[in-house]
2 protein chains.
Amino acid sequence: MKRGRKPSIDAADITRAAIAIADAEGLAAVSMARVAQELGNATMALYRHVKSKDELLALMSDSAMEDPPVLPAGGWRERLWFWAKAVLEGISRHPWFPQIPISGPPVGPHSLAWFDAGLGALDGTPLEPGEKVGVVMGLMTFVHGEARLRIALTRGFQEDPAAFNGRYGKVLRELVDGKKMPALAAVVDAGVFDVDDLFDVEDVAAEFDFGLHLFLEGVAAHIASKGSA
Amino acid sequence: MKRGRKPSIDAADITRAAIAIADAEGLAAVSMARVAQELGNATMALYRHVKSKDELLALMSDSAMEDPPVLPAGGWRERLWFWAKAVLEGISRHPWFPQIPISGPPVGPHSLAWFDAGLGALDGTPLEPGEKVGVVMGLMTFVHGEARLRIALTRGFQEDPAAFNGRYGKVLRELVDGKKMPALAAVVDAGVFDVDDLFDVEDVAAEFDFGLHLFLEGVAAHIASKGSA
DNA sequence: AATTTATGCGTACGTCATACGCAAAACGCG
DNA sequence: CGCGTTTTGCGTATGACGTACGCATAAATT
């Protein structure tokens, strides 16, 4: 048997508790003291299992994305589309996820599992291994970025709906000088930002789908160009 | 004339000083006290010109991306490529940029100018206004995300080169179970991560270019499908 | 029971953002 | 020139935070 006092908690417990707090009250509410309190331990007890708060954040970051789903049968395109949507959904369940600073290349078990799932969606395509990695990494950063934006806007809208409803178009009309920014003025005048509710769930989802569509269209074009080479 | 004591500094001065500190020592070094010291004022003096630190961060965020370049003549593709590279370069000059939390839709003058420049690259294409916005926003989030990743990895590499040089491939070989993650194991075995220096400048740039290429390929395909519709 | 070895945690320190209230300066008016 | 008004400058104080340090405590070995 092992000597010494038995640990009352381990790093996984701490990570779980921290994630629960972040889900409920935001990442800012996650302090070492708060996490310890939630676990019924003293603040400094956590440092026996976690080197620093940064390390805790890294652990949270990996466990946040639970497990990737099993991809449906079908072509690479349907599978990659499904994968990207799953990534977005996974992040949406933990809106604090994009706030955590990137500490390095993916090494956590969950991150790697998602990476594998994305690569698996490209099985059967004529892409080189390096190209598959490029496609999945590129798509991943796109989805992460989109999620980050979406979460920030959603939060802003929830905090002050009046400031967002339809106002963005008006604000832009005031700010945008047609001489200096003709292209922007054109789309503003076309009414692109004049929806009743700019951050309507459907609108944001459509925006994401369009970007995803473009990216996959690009992958398809690249695959086609390989086939004919 | 205006009554009362003359302001010794204004919000722009504060923003400039904060950016200088962030450029030199990172965003973490930007505290209200530090900024005030740099300006020769007391800490609390800053609050006369800036409501809170969050507001200061928002100001920094907008002024970080100086002014967009004039796009070269040519087709939309060359122009958009140039634009995306310029965005990446602009961010690279202020590596702390992606760490600033998004506070809302773009309203700052610089952000809007970049937005306009991106839209301007699509002048002459048959895209609807809403589609142009989708393309530029999508590309923007892709570039931002890629920059974020790149900066984080570069920093990690600079701090501890030994831990990164060629090691990532080895680490993955140990971590990746071929049964559970066949697709990832395949690319690892193919040696994709076995470069001498994973974060060689050229490698990272090539990765970015490939993702950018895919996205633009997608835009081209979308435009082509419109033309034939 | 004594020793070893790991964990639990109370205390203390330095840093941070910022609320509050008064001091200091620059103006208009007499 | 002096007085009152108005605006900026800032000293002090508060509470929250991450975490270094060292001792108390409990479990297993001897």
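B:Glu131 sits in helix H6 (residues 129–159) of chain B. Helices here are DSSP runs of H or I with at least four residues, strands are E runs of at least two, and both are numbered from the N terminus.

The model is predicted, with local features needing pLDDT of at least 70 and side-chain atom pairs pLDDT 80 or more, while totals for chains, interfaces and linings use all residues. Residues are numbered from 1 along each chain as its sequence is written, chains are lettered from A and ligands numbered from 1 in the order in which they are written, and side-chain values use heavy atoms, without hydrogens and water.

## Exercise 1: B:Glu131

Decide whether B:Glu131 is buried or exposed, and list its contacts.

Solution. 
- Step 1. Take the cut-offs: buried is under 20% relative accessible area, exposed is over 50%, and partly exposed is in between (1.4 Å probe, protein chains only).
- Step 2. The relative accessible area of B:Glu131 is 15%, so this residue is buried.
- Step 3. Look for contacts, meaning heavy atoms within 4.5 Å. Skip neighbours within four places in sequence; B:Glu131 then touches A:Phe210, B:His222 and B:Lys226.

## Exercise 2: B:Leu88 and B:Pro109

Then classify each residue by its relative accessible area.

Solution. 
- Step 1. B:Leu88 has a relative accessible area of 6%, so it is buried. B:Pro109 has 56%, so it is exposed.
- Step 2. Not counting residues up to four places away in sequence, B:Leu88 touches B:Val143, B:Ala147, B:Arg150 and B:Phe208. With neighbours within four places left aside, B:Pro109 is in contact with A:Met181 and B:Asp62.
- Step 3. Check distances between C-alpha atoms. B:Leu88 and B:Ala221 are 133 residues apart in sequence and 24 Å apart in space. B:Pro109 and B:Asp67 are 42 residues apart along the chain, with 9.3 Å between their C-alpha atoms.

## Exercise 3: helix H2 of chain B

Which residues of helix H2 (residues 32–39) of chain B are buried? Against which helices do they pack?

Solution. 
- Step 1. The buried residues are B:Met32, B:Arg34, B:Val35 and B:Ala36.
- Step 2. They pack against helix H1 (11–25) and helix H3 (53–64) of chain B.
- Step 3. Go past the end of the helix. B:Gly40 follows H2(B), and its phi is positive, near 75°.

## Exercise 4: the build of chain A

How many helices and strands does chain A have? Why is chain A called more spread out than a compact globule?

Solution. 
- Step 1. Chain A has 10 helices and zero strands.
- Step 2. The radius of gyration of chain A is 22 Å, well over the 17 Å from the globule rule for 229 residues, so chain A is more spread out than a compact globule. This radius is taken over C-alpha atoms, and the rule is 2.2 Å times the number of residues to the power 0.38.
- Step 3. The C-alpha trace of chain A spans about 70 × 50 × 30 Å along its principal axes.
- Step 4. Of the 229 residues in chain A, 46% are buried.
- Step 5. Take contacts in chain A between residues at least 6 apart in sequence: 69% join residues at least 24 apart.

## Exercise 5: the DNA strands

Which residues come closest to DNA strand C, and which to DNA strand D?

Solution. 
- Step 1. A residue is near a strand if one of its heavy atoms lies within 4 Å of it.
- Step 2. DNA strand C has 26 residues around it, the closest being A:Arg3, A:Arg5, A:Ser8, A:Arg48 and B:Lys53. Sugar and phosphate make up 67% of the atoms of DNA strand C that come within 4 Å of the protein.
- Step 3. DNA strand D also has 26 residues around it, and A:Lys2, A:Arg3, A:Lys53, B:Ser8 and B:Arg48 come nearest. For DNA strand D, the sugar and phosphate share of the atoms within 4 Å of the protein is 66%.

Solution.
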